Amino acid sequence: MTDSTSPFLAVLKPHLSDIGAFTVQRSLPSLAFKTVGPFIFFDHMGPATLPPGVGLDVRPHPHIGLATVTYLFDGEIWHRDSLGSDQRITPGAVNWMTAGRGIVHSERSPDDVRERGGDVHGIQTWVALPQADEETAPSFAHHEASSLPDIFLPGVHMRLILGEAFGEKAPVKVFSPIFYLAVEMEPCAAFVLPPEYAERAVYTVQGEVTVNDETLPEHRMGVLAQGGDVRIVAGDRPARLMLLGGAPLDGERFIFWNFVSSSRERIEQAKAAWTAQEMGKVPGETEWIPLPERKPSAN
């Protein structure tokens, strides 16, 4: 945690995990902060360069009570799910999958990408659904990069991925007040983030910045104190950031593996349904990831 004069309530150091093809850095959930607005999970994938013949292979697995958001800087991922969605995910586009009462999906490298190898770099997040929408029908939406609002300030380019910010609104259907932006900054560029939402955070994908004159190093999430403008300034090299947050969640959420719910009983139901393979299947795929024997550590 930080002192009372800091713009940060906390600066989160990610937990590192190796998923085989590359390393993932997980900032949320953490011991200090489980959520920022409705964001309950934040994974930074890569950057990594995969050799020819090596790719991403996340076998079919389930989700409930949340929406997943995939945003790539480099590389491509092939998304398939139990609704029959079959989507190639490309850099700059937004892919929002509403799990609701239950969905199963896989994430793999497209065959042509696997054959030639290449870079993988992006952010995957989970957005917890409001209690009234936890059991909504599952769905999948893909929005091309060209459909997302671009915001230009001197030396700064922002792309609005979700919600509303800086007078713009993203086309993605969301369930609660939220904002999520990808930001690219030239060296020494600056902008001001206004206090539009109760909960806000800044994550440094590449480079480092100062926030109200306090340094936020690369690969750190700074959870901002409520209220007041914050001035963000890039260092002497280009910086890439994610800005995120929104309204606080409407109550506690429980997390087990890929399941998020306001009810422990509902998670137990989902565990039993997945073990019995009653949550649906990804067409054309027979593999699946078994339920873990125990809850993995969040930090």
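Which strand holds Asn95? Asn95 is found in strand β9, residues 94–98. Strands (E, at least two residues) and helices (H or I, at least four) are DSSP runs, numbered from the N terminus. This is a predicted model: local features need pLDDT of at least 70, side-chain atom pairs count only at pLDDT 80 or more, and totals for chains, interfaces and linings use all residues. Residues are numbered from 1 along each chain as its sequence is written, and side-chain values use heavy atoms, with hydrogens and water left out.

**Overall build**

- The protein has 2 helices and 25 strands.
- Its radius of gyration is 19 Å, which agrees with the value near 19 Å for a compact globule of 299 residues. That radius is taken over C-alpha atoms, and the globule rule is 2.2 Å times the number of residues to the power 0.38.
- The C-alpha trace spans about 55 × 45 × 35 Å along its principal axes.
- Of the 299 residues, 52% are buried. Buried means under 20% relative accessible area, exposed over 50%, and partly exposed in between (1.4 Å probe, protein chains only).
- Among contacts with a separation of 6 or more, 71% link residues 24 or more positions apart. Contact means heavy atoms within 4.5 Å.
- The accessible surface comes to about 12,800 Å², and 50% of this belongs to carbon and sulfur atoms. Areas come from the Shrake-Rupley method with a 1.4 Å probe; for residues, only the protein chains shown count as cover.

**Annotated site**

- An unreviewed UniProt entry lists His61, His63, His105 and Glu107 under "binding site". These four span 47 residues in sequence, yet no two of their C-alpha atoms are more than 13.4 Å apart, so they gather at one spot. UniProt positions are given in the numbering used here, feature names are shortened, and annotations may be inferred rather than shown by experiment.
- His63 lies in strand β5, residues 57–63. His63 counts as buried at 2% relative accessibility.
- The side chains of His63 and His105 are joined by a polar contact of 3.2 Å. A polar contact is a pair of N or O atoms within 3.5 Å; within protein, one must be able to donate a hydrogen and the other to accept it, and residues adjacent in sequence count only if both atoms are side-chain atoms.
- Beyond four places in sequence, the contacts of His63 include Trp126, Asn258, Phe259 and Met279.
- Glu107 sits in strand β10, residues 103–108. Glu107 is also buried, at 8% relative accessibility.
- Among the residues that Glu107 touches, leaving out those up to four places away, are His61, Thr70, Trp78 and Gln124.

**Buried polar residues**

- Asn95 is buried, with a relative accessible area of 2%. Its side chain makes a polar contact of 2.5 Å with the side chain of His142.
- Not counting residues up to four places away, Asn95 touches partners including Thr68, Gln87, Phe140 and His142.
- Ser109 is in the loop between β10 and α1 (111–116). Ser109 counts as buried at 4% relative accessibility.
- The Ser109 side chain reaches the backbone nitrogen of Leu56 at 2.7 Å.

**Nonpolar cores**

- The largest nonpolar core has 30 residues, and Phe42, Ile161, Leu162, Tyr180 and Met242 have the most contacts inside it. Such a core is a set of buried Ala, Val, Leu, Ile, Met, Phe, Trp, Tyr and Cys residues joined through side-chain atoms within 4.5 Å.
- Strand β6 (residues 66–74) gives the most to this core, with 4 residues.
- A second, separate core has 26 residues, including Ile151, Leu181, Leu193 and Ile232.

**Backbone exceptions**

- Most residues other than glycine have a negative phi, and most peptide bonds are trans.
- Leu28 and Pro29 are joined by a cis peptide bond, with omega about -5 degrees. Pro29 is in the loop between β3 (23–28) and β4 (39–50).
- Gly46 and Pro47 are also joined by a cis peptide bond, with omega about 5 degrees. Pro47 is in strand β4.
- Cys188 is not a glycine, yet has a positive phi of about 70 degrees. Cys188 is exposed, with a relative accessible area of 57%.
- His219, likewise not a glycine, has a positive phi of about 65 degrees. His219 counts as buried at 18% relative accessibility.
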